[in-house]
Amino acid sequence: MGQDSSTHPMVPVPEAIRMVMEETVRLLWNDQKPNPTTTLSSSSFSWSMLLNSVLAEDVMMKEPGYPDYNASIMDGYAIRVVGRSDGNNNDQDTEFTADQAETAAKQSSWTHRIVNKVYAGDGESTKRLEQGRQDDEQQSSSLPTAVYITTGAMVPDTYNCVVPIEECHVSEDSKHLRIAPSADLKPQTWIRPMGCDIPPGSVVLAKGQTIDPVAIGLILQSGVETVTVKRRTRVGVLSTGNELLLDPSLPKSETKGKIPDVNRPILLSLLSTYGSCCEPVDLGTVRDDNVDAMTKTVLHALENCDVVITTGGVSMGETDIVQHVLVDKCGGTLHFGRMNMKPGKPTTFVTVPVTDGFKKLVFALPGNPVSATVCTQLLVKPCIDLYFQGIPDSQGRIKIAKDETQTMQEIVQETCVHPEIMAKIAHDIVLDKKRYEYHRVQIESMEDGTYQVVSTGVQRSSRLMSLRNAEGLLVLPPAQGDKTKALKGEQYLVLLLNNTLGKSPMRIRDSVHFKKKARQMQVAVVEVLPTGFKQASKLEETCSKIEDALSGSNSGNARVVSRATFEESIDKLYPFIVQSRRDAVDFIVVYCFTSEGQFQYNLSVANTLNKHLTKCATSLALQARQGGASEDPKAALFEVVVGYVPEGDGSMLICLPDTGVQGALSNVRGLLKHGLNLARGKVHNHHHK
Ligand SMILES: Nc1nc2c(c(=O)[nH]1)N[C@H]1C(S)=C(S)[C@@H](COP(=O)(O)OP(=O)(O)OC[C@H]3O[C@@H](n4cnc5c(N)ncnc54)[C@H](O)[C@@H]3O)O[C@H]1N2
Ligand code: MOO
């Protein structure tokens, strides 16, 4: 099992996305997200930092509420009237009543003397009228006092009513005032009392809310010193390749064979359209002929980002070193190295541990610009949405299973991916011979509420024009037998690349893209033999026997997608099993050599495997053993183990002797498939439409 990408099975795209989501969930579940929140201090608030951020904590109104003083609602005069309820009315003679206004109107006498002016923004001690004048007034008059006040200004504590300027008659020398009898002279008239707009202690904005323009205003009014928001996911983009033109100002003669780096600008700007969840980080470019230099760049990127996207260098060429750097040099775990997809086949997904025990997610995308862009949309977007939002609140739909992996699966089912629709195609499209094609299309809404899609033309992965104005990805299966074309009028699934149709993201649980079809059963085969065992491998012939035994007309075909030989060290077997299930394998068949004297070995392999299985199916094992014995009586002497490997979607493992393989498997074929479906929690099989 080398790391060469050609040995990686082509993982179906939905399975690949599911693995990405599972790793993301696992990381969140295990608190492996560093600094999930950021606290912004009011001294550094700027609207651009706040806008579109998501609150990680409630914003509460500080004492004494907003406004934090009694404010005038009108331009006019503040006076004191009878009935103030604040217990501060011991100075009875300065209180003014409607009767007094009435009398003054009849007599054309003044009702108040004006002792000050208060403008909006003035503090309590502001004195705008000259001292001399006040002294003068105090001596010459016993009228109650009033102050001129503007809208929004602080009403001094000694006053409890504002009379708008329209209801005041002011003496020519601006020293006296007559209040019109029409004025409303109740306490608090035209005053916004302290805390009336936002009472102290109230929740101004709730946790989880996205900060919109109004929320910015409310945060500022709330008087809080800090706001805690969810930290945006830092997503780094690194282009790899010596062909990238680093200095566009160089003369043409010096740049032959170089091309502009389009991936980095495309992906960085695409990420910036993902809104509040992500902070794109430009990691520049790196050469593809220097493993150490690339390793250094990647390690630095991993320290600084939560998610890293690289483009280029993941296929089969001598300079395709990215996987080597990520796995061998950076110690990453490879989750998949190829997808059954055009464009995007060599897409590679790795998780890499960094210091502090945090794990980072790395998407090593193909260099072709279309492949890189489409794979970012399909795989990276849902991942960073999930990483930012955290484990979905499922309103109780998530069953917490005893087994952690099962719980993860449950959570993954609740996570969201691209929106999707069904649409008819407007013209024939030739199907790819081998791979599912995610064909770029434009979408037309028809009058009857259905959709029709039109291809964007030649779909070569280098042809960025195929993405120009593309609105969706039409999911086309590979050609099969006579079916070499998708025909005009046929209906297919379309994954949406933008939100022009106003469709919501799909929960994986509900997504048609993720619905399992009765597809080819995928099988991993392992041959195990004791050390120094001198017998030629029978892997090839046994694999074809296994394929035949597991294929049946009404239960679909089986295909061996990975195979390996292990000598002695059964310890190595478990990582292979884990990898097999990650490759979405249905059955793992382990067979042991059984020449004379190998009973003990067969027993120890069987016992070791037994430990890793849940739901050991002893009756199935017995039946398989009987089937094996009917082919070769000797097979009855050896151990058979059948059980369920719970990780991921789950696989069925069958450990048996190297003889009677076909008889054993064909005897339990139907039961194995049924057992797998039961163990996977599926009551019904899903069939092709
Ligand atoms: N022998 C095989 N060759 C290839 C296979 C294969 O299975 N066997 N797969 C092909 C497929 S499918 C794809 S997709 C590409 C992906 O290759 P890489 O990821 O290794 O990418 P590169 O070889 O580095 O580049 C591919 C292509 O894209 C151009 N490129 C790269 N980076 C950028 C950039 N930042 N901006 C613009 N264009 C870029 C590069 O020049 C190449 O033309 O591999 C096939 N080969
Ligand atoms: O998968 Mo590649 O992305 O065809 O061109």
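I started with Pro 67, which sits in the loop between strand 2 (59–60) and strand 3 (71–72). This is a predicted model. I checked the peptide bond from Tyr 66 to Pro 67 and found it cis. Its omega is near 0°.

Next I looked up Pro 343. I placed Pro 343 in the loop between strand 16 (333–336) and strand 17 (348–353). Which form does the peptide bond from Lys 342 to Pro 343 take, cis or trans? I read it as cis, with omega near 5°.

Then I turned to backbone phi. I noted Trp 190, where phi is near 60°. That is a positive value, and Trp 190 is not a glycine. I located Trp 190 in the loop between strand 9 (176–179) and strand 10 (191–192).

My last entry is Asn 469. Where does Asn 469 lie? I found Asn 469 in the loop between strand 23 (451–455) and strand 24 (472–476). Its phi is positive, about 60°, although Asn 469 is not a glycine. I then checked accessibility. Asn 469 has 54% relative accessibility, so I logged Asn 469 as exposed.

Definitions and conventions
Residues numbered from 1 in each chain as written. Chains lettered and ligands numbered in written order. Predicted model: local features only at pLDDT ≥ 70, side-chain atom pairs only at ≥ 80, totals over all residues. Heavy atoms only, no water. Helix = DSSP H or I, 4+ residues; strand = E, 2+ residues; numbered from the N terminus. Buried < 20%, exposed > 50% of the residue type's maximum accessible area, 1.4 Å probe, protein only.
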